[in-house]
Amino acid sequence: MNGRRAIVGLLAALLPGCSPAGLLNATVSSTGFRKAADIAYGDDPRQRLDLYLPDSPDPERRVLVFFYGGAWTSGCKEEYLFVGQALAAAGFLAVIADYRLSPNPRFPGFVEDGARAMRWVQDTIAGHGGDAARLFLAGHSAGAHIALMLAAGTPYLRAGGFDRTRLRGVIGISGPYDFLPIRSPEVRDVFAGSDPASTQPINFVTSGLPPALLLHGDADDTVFLRNSQRLGAAWQAAGNAAEVKVYRGVGHISTIAAFSGLLRERAPSLADTVAFLRAH
């Protein structure tokens, strides 16, 4: 552990001004995958995605679409090279999508963008070596909210032209799914003008939903663990498969940072994600 901290400190010294994600990306191997960047799935400049194509693909050609976090107001796909590389190294075709950020638009615009990205994947991924019948959703933090809003019994995927039978599973990492009342002024602004109940994935749990894996650290003081616990219980109560994995002593950022080789010892997020994908 001390050795890894020393490496992080050295990278910080060598790359002044670099974001934490940039530090992780600086350690990513450039071998084992090919990246196809900035592919448009819509007309807006934020409606772009990156593909991570493995050199040694999974025999089932599974595809995982990932949405990053940032409180629905910040973030960019380039910061998640370490996630795309980790998934591609495991043999999966990874899609990391940008989406429009609040306040332009506020909810549900970013969820609708998620549906548009899924429609693009459904319609074109076979041409990139993926199986359009073996699609998975995942996200961290605000991105997990987007993923679960799409996977739950909401109309967004259908309205976007996506065939829900193609969705084989959903993975939420440290996500907010049941967070009323909204106390943060910044988060209230993201959802301003919408019925609060319509913003919560837990309110759209029905039968017939895809299997869910919910990963969360019990030391998360940004998005509380109860979000994953309550959603997992509701998912199961409706007759759907769901598993909640709690990482002891792990905080909000570490659950996704652990996808990087540099910080993988912090939490088994990647191993649990890979096992879930291979099981479905």
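**Close-up views of a predicted model**

View 1. With a relative accessible area of 5%, Trp72 is buried (buried means under 20% relative accessible area, exposed over 50%, partly exposed in between, with a 1.4 Å probe and protein chains only). Phe191 counts as buried too, at 4% relative accessibility. This is a predicted model, where local features need pLDDT of at least 70, side-chain atom pairs count only at pLDDT 80 or more, and totals for chains, interfaces and linings use all residues. Residues are numbered from 1 along each chain as its sequence is written, and side-chain values use heavy atoms, leaving out hydrogens and water.

View 2. Rings of Phe, Tyr and Trp (its six-membered ring) pair if their centres lie within 6.5 Å; planes under 30 degrees apart count as stacked, over 60 as edge-to-face and the rest as tilted. By this rule there are 14 aromatic pairs. One of them joins Phe67 and Tyr99 edge-to-face, 6.4 Å centre to centre with 70° between the planes. Phe67 belongs to strand β3 (residues 63–67) and Tyr99 to the loop between β4 (93–97) and α4 (109–124), so this pair ties together parts 32 residues apart in sequence. Both Phe67 and Tyr99 are buried.

**View 3. Look for a cluster of rings.** Ring pairs link Phe66, Phe67, Tyr68, Tyr80, Phe82 and Tyr99 into this cluster.

**View 4. Helix α5 is mostly covered.** Helices (H or I, at least four residues) and strands (E, at least two) are DSSP runs, numbered from the N terminus. In α5 (residues 142–151), ten of its ten residues are buried, among them His145, Met149 and Leu150.
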